[in-house]
Amino acid sequence: MRGITKALLVLALFLAGSALAQSTFRIAIGVDADSLDPVQGTTTTIDNIVDYMAQTLIGIDESGGLVPLLATEWATSEDGLTMDITLREGVVFHDGTPLTADVVVWNFERLLDPNVNVPRRGPYAPIESVEAVDDLHVRLHLSQPAPYMPGALTQSTAAIVSPASVDLEGNSYENITRLVGTGPYVFESRALGERIVVRKFADYWGEEPYYDEVVFQVVPEATTRESLLLAGQVDMIILP
């Protein structure tokens with residue numbers, strides 16, 4: 001989970017030892033999500049929440065290296081103007097939609113659409129077009145070499161969502177409030193200014209997560225978050 005310090009991770013692991021009997025993991029955060037739409041994210045705290053539900057093509061390991069996630073391979077041409085991406089087979093979204101090249105193309109076109117609010121669109125500006133070569137292969141056509149592009153594809157802004165989710169109540173092409181991704185957890189509920197709840201996704205393609213559900217509890221005051229942690233009312237806090 002990006003944005004959390006090493007010390008906080010150590011603290012979370014320590015606290016998890018006392019929470020092994022729990023089916024719920026409780027995290028106190030300082031700000032409510034301004035949006036659960038990956039392309040509209042502005043802070044690492046909200047990115048952390050989004051990452052439970054939606055995933056990027058490329059991930060980052062503990063040492064900062066790039067690792068496969070929804071993509072298993074990627075390569076850039078010698079002139080730096082095309083990037084070929086191979087997708088992972090057998091991945092499905094929370095609504096049952098399969099991950100295909102057409103789905104990825106739709107996501108990139110939405111990311112680049114000027115009619116959609118994307119505060120952190122800058123790194124993706126060199127992408128001129130996106131092509132579905134076949135069901136599992138995508139090609140990015142760039143206006144200029146962008147050696148940083150694989151790293152940019154690890155950012156939550158580029159997380160892949162189900163195109164069918166825009167038809168859900170409360171969602172639209174321009175704004176997604178009920179996120180449908182491929183991550184280990186499914187959006188369950190939200191009480192504005194209070195909490196966001198996600199639950200384990202039974203058909204997740206990767207390693208099964210330990211907790212049945214995770215609750216992000218909005219607690220603006222840092223001292224209150226710390227008090228809740230010390231009292232055992234939450235299992236982890238962000239930005240102590």
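Okay, a quick definition to begin with: two rings of Phe, Tyr or Trp pair if their centres lie within 6.5 Å. Keep that in mind for the cluster I'll come to, made of Phe25, Tyr210 and Tyr211. One thing before we look around: this is a predicted model.

So, how many aromatic pairs does a search of the whole structure find? Six. I'll walk you through two of them.

Start with tyrosine 52 and phenylalanine 216. Their ring centres sit 5.1 Å apart, and the planes meet at 85°, so we call this pair edge-to-face, because anything over 60 degrees counts that way. What I like here is where the partners come from: tyrosine 52 is in helix α2, residues 44-53, while phenylalanine 216 is in strand β10, residues 213-218. That's 164 residues apart, so the pair links distant parts of the chain. Are the two buried or exposed? Tyrosine 52 has 12% relative accessibility, so it counts as buried, and phenylalanine 216, at 1%, counts as buried as well.

Now over to tyrosine 210 and tyrosine 211. Here the centres are 4.8 Å apart with the planes at 85°, so this is an edge-to-face pair too. Tyrosine 210 counts as partly exposed, at 49% relative accessibility, whereas tyrosine 211 is buried, with a relative accessible area of 11%.

Last stop, a charge and a ring. Find tyrosine 173, and you'll see arginine 110 lying over the face of its ring, 5.9 Å from the ring centre.

That's my tour, thanks!

How values were computed: Residues are numbered from 1 along each chain as its sequence is written. This is a predicted model: local features need pLDDT of at least 70, side-chain atom pairs count only at pLDDT 80 or more; totals for chains, interfaces and linings use all residues. Side-chain values use heavy atoms; hydrogens and water are left out. Rings of Phe, Tyr and Trp (its six-membered ring) pair if their centres lie within 6.5 Å; planes under 30 degrees apart count as stacked, over 60 as edge-to-face and the rest as tilted. Helices (H or I, at least four residues) and strands (E, at least two) are DSSP runs, numbered from the N terminus. Buried means under 20% relative accessible area, exposed over 50%, partly exposed in between (1.4 Å probe, protein chains only). A charge sits over a ring if NZ of Lys or CZ of Arg is within 6 Å of the ring centre and within 35 degrees of the ring normal.
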